[in-house]
Amino acid sequence: MSDQDDQSFLALVNAGAGSARADAVDAVVGELGRAGDVELRRTGSLDELREALLGADGRRVVLMGGDGSLHAALQLLWDARQTWEVGPLGIVPLGTGNDLARSLRLPLDPVAAARLVTTGRPRGLELLVDSHDRITVNTVHAGIGASATAKAQRLKKGLKALAYPVGAAWAGISAGRGFRLRVEVDGNVVAPGPEPVLMVGIGIGGTIGGGAPLVPGADPHDGVADVVVSTSTGPLARLGFAAGLRRGVHVERQDVTTAAGKVVEITAESGTFRLNSDGEVTDHQTSERFEMHADVWRVVCP
C-alpha cells in the first residue's frame with residue numbers, strides 16, 4: 001500500500017492463544033493502529049477463520065501465529081481458490097518455531113513484524129500441493145521426523161515437554177533400519193527404494209523445528225521444491241546426520257542426496273509412511289505426489 005493514510009487491517013489471532021501472548025497481540029494492534037484502522041478478530045474455529053479471511057473486504061489481513069496457524073489459513077484459502085484474491089498477507093510470528101518467517105527474513109519481534117506489515121512490499125510465494133489437495137507452506141517430511149512427531153502427539157497430554165524427546169526415541173527404535181521409500185523428482189529417481197531411507201524432506205522454506213536447516217538454501221520464491229533424502233540409517237550414521245543437521249552441513253554427507261524440481265513423488269516399497277506438513281501429521285499412506293505451484297499467494301516482505 002503506497003498511501004499510508006488509506007491503510008486498514010484485519011488482524012487475526014487464534015482465540016485459544018495463551019495469556020502470555022496477550023501483551024504481544026495488544027502491542028501489534030497498537031503498532032498497526034499507527035498506520036490505519038485495525039479490527040482485531042479472535043477466531044475459535046476453522047469456520048470462523050474462513051469467514052474472517054473471505055470477509056476482509058479489501059483490508060490487509062494480518063495473521064498472528066506460528067506455522068500451524070499460517071498453514072490452516074492458507075489451506076482454507078486454497079480450498080476456496082482465494083489465495084491470490086485475498087491480497088498480500090501480513091505475518092506476525094507468534095508461534096514456537098516460526099520457520100517460514102525465518103525463511104522470509106521477517107522480524108521475529110512482534111512489534112517489528114507489525115511495522116513491516118505497514119511498510120514492506122508484497123512478494124509472490126509458492127505452495128506445495130499433494131494429491132489430496134493438502135497444502136504445505138514451509139516444509140513437509142517423511143520418515144523418522146514425521147514418526148517422532150506422531151508419537152509425541154500421542155504422549156503430549158501425559159508427558160508435556162518430554163513428549164517430543166520420548167517420541168523421537170520411540171520412533172527411532174520402532175523405525176528399525178529405516179523406511180523403504182522410492183523418491184522421484186521430476187521423473188528422476190533420487191532414492192530407488194531398496195535402500196532404507198531415514199528421512200525425506202521437501203522444502204519451500206529451509207528450516208524446521210524453530211531453525212534446524214533441514215533444506216539449506218531453499219527459496220520460497222523460486223518456484224521449485226528443494227528435496228533432501230537421507231539414507232543415514234545406521235546408529236552412528238543417524239548421530240552424524242543429526243549433528244550435521246543442527247549446523248546445516250548434513251547435505252555434505254555421502255549418504256545424503258539433494259535435488260530440486262516441480263513434482264516430487266514418494267512411494268513406499270513396503271509398509272507405509274506418514275507425512276509431517278508444517279507440523280501437521282497425516283495418517284499412514286503408501287504413496288504421495290507433490291506439485292509446486294509458483295506465485296499463488298503473497299506476503300508482505302522486507
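Against which strands and which helix do the buried residues of H2 pack? In this predicted model, they pack against strand S1 (7–14), strand S2 (36–43), strand S3 (60–65) and helix H3 (67–79).

**View 1. Buried and exposed faces of helix H2 (residues 46–54).** Leu49, Ala52 and Leu53 are the buried residues shown in this helix, and because they fall within an arc of 95 degrees when seen down the axis of H2, they line one face of the helix. The face turned away from this buried side carries Asp47 and Glu51, both of which are exposed.

**View 2. Surroundings of Leu53.** When its neighbours within four places in sequence are left aside, Leu53 is in contact with Leu12, Val61, Leu63, Ala73, Leu76, Leu77 and Val86.

**View 3. The largest nonpolar core, with 31 residues.** Leu53, Leu127 and Trp297 have the most contacts inside this core, to which two or more residues each are given by S1, H2, S3, H3, helix H4 (99–103), strand S5 (121–130) and strand S16 (287–301). The largest share, 6 residues, comes from H3.

**View 4. Gly68 in helix H3.** Gly68 counts as partly exposed because its relative accessibility is 32%, a value that lies between the limits of under 20% for buried and over 50% for exposed. Although Gly68 and Thr96 are 28 residues apart in sequence, they are 9.8 Å apart in space, C-alpha to C-alpha.

Technical notes. Residues are numbered from 1 along each chain as its sequence is written. This is a predicted model: local features need pLDDT of at least 70, side-chain atom pairs count only at pLDDT 80 or more; totals for chains, interfaces and linings use all residues. Side-chain values use heavy atoms; hydrogens and water are left out. Buried means under 20% relative accessible area, exposed over 50%, partly exposed in between (1.4 Å probe, protein chains only). Helices (H or I, at least four residues) and strands (E, at least two) are DSSP runs, numbered from the N terminus. The arc is that of the directions from the helix axis to the C-beta atoms. Contact means heavy atoms within 4.5 Å. A nonpolar core is a set of buried Ala, Val, Leu, Ile, Met, Phe, Trp, Tyr and Cys residues joined through side-chain atoms within 4.5 Å.
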